[in-house]
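Hi,

Here's the structure I promised to pass on.

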Amino acid sequence: MKWKISKHQPGRRRFMRLLGRAMVFAGAALFSVGLMGRRGLAAAIPALAGTNYDWTKHRWGFGVDATRCIGCLRCVEACKTENGVVRDAHHFRTWVERYVYLKGERKPQVDSQSDPGNIAASGSETEFRFDNRYQDAKIDKAFFVPKLCNQCEHPPCVQVCPVGATFRTPDGVVLIDHDYCIGCQYCVQACPYGVRLFNHAHGVTDKCTWCYHRITRGLQPACVEVCPTNARLFGDQNDPESVISKFIRENRTRVLKPEMGTSPNVFYIGLDKEVM
Amino acid sequence: MPKHIVRLIFLIGILGVAIIAARVIFVDKSFGIYGHYRGDAVAEIASDTPIYQGAASCQSCHEERHSMWLKGAHKVVTCETCHGASAKHPTTKPAPVDPRPHARIAAERLDHVKLLIPPDSVKLCTLCHEKMPGRPALQRQIEVSSHTGGQQCIVCHNPHSPKLAAAGVPKAAKPSDVSAGRKKSAACAGCHGAEGLSPNPAWPSLAGQQRGYLDSALQAYKAGKRRDPMMTNLAKDLSEADMTELAAFYAGLRCQSAGTSAAASVVSAGKAKAAACVACHGAEGVSSNPAWPSLAGLQETYLVNALKAYQTGARQDPMMAGLVKGLNDAEIGQLAAYYAGLKCK
Amino acid sequence: MEALVHAAPYTGYVYPNETIIPWGILIVIYPYITGLVAGSFTVATFYHVFGVPRFKPVARFALLTSLAFMLIVPLPLLLHLGHPERALNVILTPHLTSAFAAFGFFAAFYVILVTLEIWFAFREDIVAMAQNQKGLLRRFYRALTLGSDEISETTRAYDAKWLKALAIIGIAGAHGLHGYVGFVFGSLKSREWWGSDLMPAIFLVSAIISGIAILILLYVVTSRFRKTVIDRDCMKGLAYLLWGFLIFAVVLEFLEFANIVYKGREGIETVMALIAGPIWFGVWVLQLGGSVAAFFILTYVIWRGTQDKQLIIGVTVSAVLVLVAVFAMRWNVVIGGQELSKTMQGLLSYTPPIFDREGISAVVIVFTLPFFVLWGLTRLLPPWLSHGRQAQGQIPSITS
């Protein structure tokens, strides 16, 4: 074979060849060190806004009692305001769905505050209200279901982020670094629950953080704060006496799309078979 | 090995070194300290200021409403659920200048914050209380068309304590109340006029005034919450029934506007100032809530005295106290002239 | 701000955020161009690694085609990004669990690899031109020689050896690159229409047929312009290649679809509504119709042993049909997958904007660019074998 021709080399050539190989290996080694170098540094706890918050001591959890939700959408309003979510009918960190089983029908009618009829009822895309379209209909059953980020134990969105702009904190919240996000929207695709949204004006992805700036100060997330019926509750799963621990202990809860293997941390009661 | 291949390998080596150098130079120093992300991002996200500040932040200035709310059926509904976020109230925070997206999004939040006295209580209240399939049975719900009779909810309900019994509004006036009231009004006629039309600019006409307000004013005089050398003495001996009847009598009388002799410019200045009053006292000075007084056509001097009394603390009301705080004498005169000149209904 | 957002109309129930389709037509063109890279590289590989001599006339041109398209591949992605200036973060802090992060590596690796391969394939020409050209061009070629004019039996042996080694790595590189694009979609469990184990294989095979097809088209067109005779043997070889991989591609696509229908998981009615609704034309007419028509034309050509002009026309027409069918397949996957709501209870319909950073106009520009790049490359490094050098064996040839 022709390409084995260089078997007998003068000494200098052999040296050069060795040098070349050494350089390739050294380069490869350095590169992998560069990749890994930042791992293994002491995982200090970040000083959060001058508080003594310790993120290793908490494991936040969220409960939704769908049997209490009245569909007033104050949570959606509060969330948009608290978090600067784009003010239209296509960007939500949290939303509410309405399921209505008309008499004799096996599949429910589903809508959310984004439905054109509901936008007409509220008067604009920046205000939120469910219209009363079913007031004269014959109904088997109907209920509201609040939705928000499930802050999954195994978040597919974090898995697919190419740069590390989204991540899960030790206290159990998936955050987005708006100042590092490249805006590829792969995470938007990867979320099975559709909770990620894209802020076109700023070119970055956005999502529910359970109001991380509030919960680290000891406040409730804005949606929980304004909920008039306690359909939403929030607390520390590490504390056995917290509302969320009791909620999970005292009820038979379920999570959304368990077959996705994401292990959500939003626990529901009062859902029905067709809730997706 | 031929020269060109050696040089090629050398070039590739340089490229590798350049990539490693780029990593060292360009990657954020906090990247990777907790995991595969910029460690500083956590503190940046957590440092956003809360926009919804909670009922406790309202309490310090609005103690009376706060305590009313705590006792009422709406205690599960926090202030900001209806009034909106309080971040810009009472002061506005300066906008941050950091041009990066996170800071800009955080700053944009304040654009949509408005603390409001809900202008349309039907629109607001029905968000929760409109009868609608899907709402749990325990939730109080009304048929909007048949329940309200076209009235605003706050005509009957005090939103801070919505159960009717707690609203300070007497149930209903019976015809017998009116006639009984007429008999008992003899003692009042000297100052307030036989038909409730006061001859003295310092004393208010009572004809056509809100029934709930008249009732609660008498109650306040009797309890000593409101003081007046004449009224305190007179009210002291009145029974609950007396007060209900008197209120019913005066509320049913035909009013007459006291009018004003102030210049048109003073009146229009007063009208501009009155923008802060319309939510409770009505756009034309006629209150929509029986618990709050109508101001249209009241005596100019009486109105001036009342506003000054709120300023000095001689008359007390949590809402009024806050509103009159910044008024000077000229502005009080303008407001009084404006309301005195309005037609009463 | 209004123009920033194009909300898609929908039927049934979709999650509120889904009404903004995240990936538009730019992300249709992205796997399409990547596919052309992989496919044209495959043809070069058949000559450089497998030593199929009939592909010799297009082997070097195929390498240039591959590079020209590869240089443009990042462009649709950059145009799509919300923060293109942060694109280097993918290289600086790649998140190793992300299929997108792999793109940085695959693309960089592949560009270097194919550049090197071209360098070795053209080294003798570069050396010759460094001596013959004048002025700026001379400097350019001199720089390309890395200061070594040495052409001897030894250097030829080295070049051939490196060329072959690179081509072998390139098989993995080019096909890994496109297999990865399939993985980008196939690995998402959130979307029923994408989350298939067959997706990487389907993308790979359809990439190969589209690459062969574009090469056929370019070969025919450039031969026209150069007024040279099309090598009949080479053309026939390309036809065989296209025919074989086309059968493979159609079968794979059918198997994938059969899997979805047969498993009939929750929401299968909505999947059926999708292919009967928003993407029916793309699926049934362009993708299936195009592939089947190309298959029959190629079968006829090969079966009848058609010669000369008829052969060229037949193969060219099927190449065009394949290019259309593969583009439709990309659309049906990328757009179709997003038109099927994650609720599995609703369908969206996407219409690409015309004048927009992510609109049709941008796509037209992006897709025209590789041809200009290719034209430039062929001017700098003429890939066609002339002056009888082919016969003299001056091109590093593969013998094994």
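Among the elements of chain B, helix α17 (residues 318–324) has the lowest mean pLDDT, 76, while helix α18 (residues 329–341) has the highest, 93. Keep in mind that this is a predicted model. Chain B as a whole averages a pLDDT of 86, and 94% of its residues score at least 70.

Next, have a look at a sheet in chain A. Three strands make up this open sheet, in the order β3-β2-β4, with antiparallel pairing. Its edge strands are β3 (109–112) and β4 (139–147) of chain A, each pairing on one side only. On average, neighbouring strands here are turned by 15° against each other, ignoring direction. Strand β2 (residues 95–102) of chain A pairs with β3(A) over four bridges, and you can find A:E97 opposite A:S112 in β3(A).

Then there's the place where the two chains meet. Chain A puts 76 residues into the contact and chain B 61. About 5800 Å² is buried between chain A and chain B, with carbon and sulfur atoms giving 62% of that area.

How many salt bridges cross the interface of chain A and chain B? The rule finds five. One to look up is A:D179 with B:R100, where the closest N and O atoms are 3.7 Å apart. There are also 16 residue pairs in polar contact across the interface of chain A and chain B. On the side of chain A that touches chain B, α1(A) gives the most, with 11 residues.

Cheers!

Methods: Residues are numbered from 1 along each chain as its sequence is written. Chains are lettered from A and ligands numbered from 1 in the order in which they are written. This is a predicted model: local features need pLDDT of at least 70, side-chain atom pairs count only at pLDDT 80 or more; totals for chains, interfaces and linings use all residues. Side-chain values use heavy atoms; hydrogens and water are left out. pLDDT is the predictor's confidence in each residue, from 0 to 100. Helices (H or I, at least four residues) and strands (E, at least two) are DSSP runs, numbered from the N terminus. Two strands pair if DSSP finds at least two bridges between them. Axes are lines fitted to C-alpha atoms, for helices over the stretch in contact, and angles run from 0 to 180 degrees between N-to-C directions. Contact means heavy atoms within 4.5 Å. Buried area is the accessible area (1.4 Å probe) that two parts lose on being put together, summed over both. A salt bridge is a side-chain nitrogen of Lys or Arg within 4 Å of a carboxyl oxygen of Asp or Glu. A polar contact is a pair of N or O atoms within 3.5 Å; within protein, one must be able to donate a hydrogen and the other to accept it, and residues adjacent in sequence count only if both atoms are side-chain atoms.
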